[in-house]
Structures are given as structure tokens and as C-alpha cells.
Amino acid sequence: MRYISTMGTSGLRERKKARTREAILREAFRLFRERGYNATTIDQIAEAAEISPATFFRYFPTKEDLVTFDRFPPLIEALQVQPPGEPVAVLRGAFRTAFASLTAEEIAAGHAREVFAATVPELLAANLRRSPGLLRELSGIVADRAGCGADDPRIRNVAGAVFGVVAMVWLQWAQDPDMDGPAEIDRALGHLESGLSL
């Protein structure tokens, strides 16, 4: 990244990886809708995405990793670049950063996948199994930005409040796909940040 030629190569490589990842997700969810989650194999997904099974595993260690909610928006990456601050402000900033890193098409595709995953029992169960680990990771980063321990009850309370608010907006967004979900999430977190006064 120190030289223009390297930046170009690196940027091209990252765009190619992003396209491959999106193709895997797109084809996987198409097959899930057509055949069902359990009946769809990794080999079928790889064939549909025109990649090898080995390439699939470089992007997703398991089939379940296709549907866990930590990938949309990319909150871990966004949290890691937030400046120190109050936990709600840090998380609100992370959501802004995460959505800003995605194109409108990526947001729409990701939202469609999340809605689908929330309505299929196996996929919902997969997300529930993964949620404690994700919340621990997120809480650790937020605690670091706030200058306190990850086991501080205030961090638990903030994480619960933020993700409760986001979940409520997400459910509304699922019912109204024309809603500007990222903007509504930001407004909702702004309301939380201000103390939820009416």
C-alpha cells in the first residue's frame, strides 16, 4: 500500500475477493430458497458460484457461516476503527461506518439474506448459536473504546439496549423493504444515545 502500483494491485485483489464472496452468498441463498438449507450442499454452492470447494472454504469455514448475522453489516471491522467514546456513540458510529462501506446493492442483498435467515428455523438457530460469541467479541471492543473492562455490567446493558433497538428496526425493515434501514437504525440509535426521551 506504500506505492501506487501496489495500491492498484491490492485494490483489484480486494474487489475480486469481494465479488467472489458475494457470488458465493448469492448462489447459496438462491439454492437455499429453491432446495432448502439442509438439502443444499457445499459442493452444489461451489458449482453454482463457479468456484472449487477449496475456494469456498477459504471464504466460509462451514455452511453455517453463510447465514450467521455477524457479516451484515460488517460490525467487527467497523468497531475496530472507531475512536474512544461512550459505548452507545461507539456502536452508533460503527453502524454508520459499516453501512457506508457497502453499496446500495450490497445492503439490499444483505438485508434480503437476513430476512430469509430470520424466517427459516435452521438458519435462525444457527444465528442464535453464534450470537453469544459475537456479542462477547463486540462487547470487548466497545469496552476497550470506553476504557473499561469487558465484564463491566454497563457494557452488557449498552450492548443489550443497542442490539434490542437495532433488532426492532430490523423487524420493521423486514416488513417494509422500501424503508431506509441504515438511516432508521441511525435515528433509533441517536434516540437511544439521547436517553430515549419522548
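I began with a term: a polar contact is a pair of N or O atoms within 3.5 Å; within protein, one must be able to donate a hydrogen and the other to accept it, and residues adjacent in sequence count only if both atoms are side-chain atoms. I noted that this is a predicted model, where local features need pLDDT of at least 70 and side-chain atom pairs pLDDT 80 or more, while totals for chains, interfaces and linings use all residues. Residues are numbered from 1 along each chain as its sequence is written, and side-chain values use heavy atoms, with hydrogens and water left out.

**Entry 1: arginine 92.** I found arginine 92 in helix α5 (helices are DSSP runs of H or I, at least four residues, numbered from the N terminus). Its side chain makes a polar contact with the side chain of aspartate 186, at 3.0 Å. Arginine 92 counts as buried because its relative accessibility is 17% (buried means under 20% relative accessible area, with a 1.4 Å probe and protein chains only).

**Entry 2: the helix pair.** I looked up how α5 (residues 87-100) packs with α9 (residues 181-193): the angle is about 170° and the axes are 10 Å apart. The axes are lines fitted to C-alpha atoms over the stretch in contact, and angles run from 0 to 180 degrees between N-to-C directions. So α5 is roughly antiparallel to α9 (angles over 145 degrees count as such).

**Entry 3: the end of α9.** I saw that aspartate 180 caps the N-terminal end of α9, with a side-chain oxygen 3.2 Å from the backbone nitrogen of alanine 183. Just after α9, glycine 195 has a positive phi of about 105°.

Terms used
Helices (H or I, at least four residues) and strands (E, at least two) are DSSP runs, numbered from the N terminus. Angles under 35 degrees count as roughly parallel, over 145 as roughly antiparallel, 65 to 115 as roughly perpendicular and the rest as oblique. Buried means under 20% relative accessible area, exposed over 50%, partly exposed in between (1.4 Å probe, protein chains only).
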